[in-house]
Amino acid sequence: MGIKVATSILSADFAKLGEEVRKISDLGVDFIHIDVMDGNFVPNITIGPGVISAIRKYSNLPFDVHLMVKSPSDHIESFINAGADIITIHAEAEIHIERLIRKIKSYKNVNDTKKTVLVGVSIVPSTPPNVLEYVIHDLDTVLIMTVNPGFGGQEFIHSQLSKILAVKKMIQERGLKTQISVDGGVSILNAADIIKAGADILVAGSAIFRAENIKKAVNDLKNLPL
Ligand code: DX5
Ligand code: ZN
């Protein structure tokens, strides 16, 4: 199966976010990646559940809500009610991730009540992959941050390639279906290395929204010669 692309809307034009989400959803991307920042876990503040519920009707693609917030357990319900299909929490933001993972999986997906909400855990560049060892079997995705979270348009941190390899090995050794998503500084220049290391999903914001030809940027990421 080919590589999947999640578009981070952090680099979209927020003045017309609904239209931006609609436009990108028609270009063959697989997920809408929504960066929620609280000005506490990370220095930036972005969007909350109200905005997510407002843009929900502009796309049928799964919404992956990447919670870069302190105390994510206080907020998951409002993001699920806003239409999140996947809730991604940070291992660094919650001591009891095992409990929170179970809690997230106990919710029905409001977009399709036959499904449950999917769960991802993200780790920042300085966090070693072994924090995932005792929870990875419960995860739909691991989101490996390849920049320090907070802003779009940052430079990819190359040391994270070996972490992608390590997480891939963990998944393969356990025979799991957990997907690896790679987020931060992803571009056409480094995507092949990221895929070879083991990524299943590329998260890209500026590489898509700041491209001269957005359709070509999506196509190029999805059809890289490897
Ligand atoms: C960073 C966010 C990323 C980021 C990706 O904190 O989690 O999703 O917006 O943007 P680019 O692709 O521009 O690095
Ligand atoms: Zn993100």
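# Ligand 1 and the pockets

Tutor: In this predicted model, ligand 1 sits in the largest pocket.

Student: What makes one say that ligand 1 sits in the largest pocket?

Tutor: A molecule sits in a pocket if more than half of its atoms lie within 2 Å of the pocket's grid points.

Student: Which elements give two or more residues to the shell around ligand 1?

Tutor: They are β2 (31-37) and β3 (63-68). β2 gives the most, with 3 residues.

Student: Why is the pair between D35 and ligand 1 called a polar contact?

Tutor: A polar side-chain atom of D35 lies 2.8 Å from an oxygen atom of ligand 1. The cut-off for a pair of N or O atoms is 3.5 Å, so the D35 pair counts as a polar contact. S8 also has a polar side-chain atom 3.2 Å from a ligand oxygen atom, and therefore qualifies under that cut-off. For G205, a polar backbone atom is 2.8 Å from an oxygen atom of ligand 1.

Student: How much of ligand 1 does the protein bury?

Tutor: Taken alone, ligand 1 exposes 380 Å², and the protein buries 100% of that.

Student: What makes F31 a lining residue of the second largest pocket?

Tutor: Lining residues have an atom within 4 Å of a grid point of the pocket; F31 is listed in that lining, so it has such an atom. Strand β6 (residues 112-116) gives the most to this lining, with 3 residues. The second largest pocket holds about 200 Å³ of space, while the largest pocket has a volume of about 270 Å³.

Definitions and conventions: Residues numbered from 1 in each chain as written. Chains lettered and ligands numbered in written order. Predicted model: local features only at pLDDT ≥ 70, side-chain atom pairs only at ≥ 80, totals over all residues. Heavy atoms only, no water. Polar contact = N/O pair within 3.5 Å; in protein donor to acceptor, adjacent residues only side chain to side chain. Areas by Shrake-Rupley, 256 points an atom, 1.4 Å probe, with all protein chains shown as cover. 1 Å grid on protein atoms, 1.4 Å probe; cavity = no way out; pocket = protein on both sides within 12 Å on 5 of 7 lines; lining within 4 Å. Helix = DSSP H or I, 4+ residues; strand = E, 2+ residues; numbered from the N terminus. Points joined across faces, edges and corners; volume = space filled by probe spheres on them.
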